[in-house]
Every structure is written in structure tokens, then in C-alpha cells.
Amino acid sequence: MERTTRQKTAIQAAIESAQRPLSAQEILEQASLQVTQLGIATVYRNLKSLVLEEKVHVVTLPGENPRYESNTAANHHHHHFQCTTCQRVFDVHDCPGDLKRMAPQGFVVERHELTLYGRCADCNAAAGVTGAAAAKAKPAPHACASHHDPA
């Protein structure tokens, strides 16, 4: 059993308090508020340990560095939203539901992952886009036809 250090405690606390998946750099910034002189190598070493202990879950988005969320969040089915401006990732607690009908005939869907992309509320506000204007914003072209893995 591995011992718990101040660094590991600060890293786990940063992840749990964030309420969203964090990159290693975001974890370093938050945990450094509790433990000075914390380095990125220490963050990665402790993340590896926390993942092995099943206290932290890895969130993998295509083409991105891994992010980490608490197992409390990971233990319920949810999806993610990535802001295309600030690159932060947020949990999405809604699900489109049963996607079995989208699979080719004879295929069996075992699980699915969904990531939404756009601008978060903070980036919309910084750009001067608010509620009604954001709703009227022209959506990106629909690209589902190019995806081969609907589940």
C-alpha cells in the first residue's frame, strides 16, 4: 500500500473540487495553491498512483492529452463538452439515450461516448455573446456522415 503524502492529498482534492475533468497542468495549478514547490513530474507520478488505486478516472478525448476526474463523477454515465476557445472540458449529464438503433443491422452496441464541442459560458461572455445571441449563433456544419463509429 502506498503512503498518502501532502502532494497526493492536494492533487486528489484539486480533482474532486473541480467538478469537471482537469488536465495535468490544471491539476498542478490548483494543487500548487495547497503545496508550494509542486512539480509536474510529481503530479504525473501521483496521478498514476491515484488511477491504479481507482480514486481517479482518466478521461480521454480524441487528439487531446488525458484529463482526470474523480471516480465519483466517473461512476455515473455522463458525457463531455470541450470548449473550442479555452480547451476546458466539462461534464454533460444528459444522454441522447439508446443508440442501438443507429448501429448497422446485426451489430450490438456495448457502450458509447459522446463529446460536444463549442464555446463554454465563460468564453461566450468574454466574446460578448449572451443567451439569446448564443442560441441564434450559426452552428458548425453537421459532420456525423463522416463518422464510422456511431456508438
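The structure holds 0 disulfides, a disulfide being a pair of cysteine sulfur atoms within 2.5 Å. In general, a disulfide is a covalent bond between the sulfur atoms of two cysteines. Cys120 is in no disulfide, and the nearest cysteine sulfur, that of Cys123, lies 3.7 Å away. The sulfur of Cys123 has its closest cysteine sulfur in Cys83, at 3.6 Å, which is too far for a bond. Cys120 counts as buried because its relative accessibility is 6%, and Cys123 is buried with a relative accessible area of 14%. Here buried means under 20% relative accessible area, exposed means over 50%, and partly exposed lies in between, with a 1.4 Å probe and protein chains only.

This is a predicted model, in which local features need pLDDT of at least 70 and side-chain atom pairs count only at pLDDT 80 or more, while totals for chains, interfaces and linings use all residues. Residues are numbered from 1 along each chain as its sequence is written, and side-chain values use heavy atoms, with hydrogens and water left out.

The account now turns to helix α1. Helices (H or I, at least four residues) and strands (E, at least two) are DSSP runs, numbered from the N terminus. Helix α1 comprises residues 6-18, 13 residues in total. From its first C-alpha to its last, α1 reaches 18 Å, close to the 18 Å expected at 1.5 Å a residue; the expected span is 1.5 Å times one less than the number of residues. Lys8, Ala10, Ile11, Gln12, Ala14 and Ile15 are the buried residues of α1. Their cover includes β1 (22-23), α2 (24-31), α3 (40-52), β2 (56-59) and β3 (67-70), where contact means heavy atoms within 4.5 Å. Just after α1, Gln19 takes a positive phi of about 60°.

The structure holds 6 salt bridges, each a side-chain nitrogen of Lys or Arg within 4 Å of a carboxyl oxygen of Asp or Glu. One of them joins the side chains of Glu53 and Lys8, at 2.5 Å from N to O. This pair links distant parts of the chain, with Glu53 in the loop between α3 and β2 and Lys8 in helix α1, 45 residues apart. Lys8 counts as buried because its relative accessibility is 3%, whereas Glu53, at 29%, counts as partly exposed. Glu53 also forms a salt bridge with Lys55, the closest N and O atoms being 3.3 Å apart.
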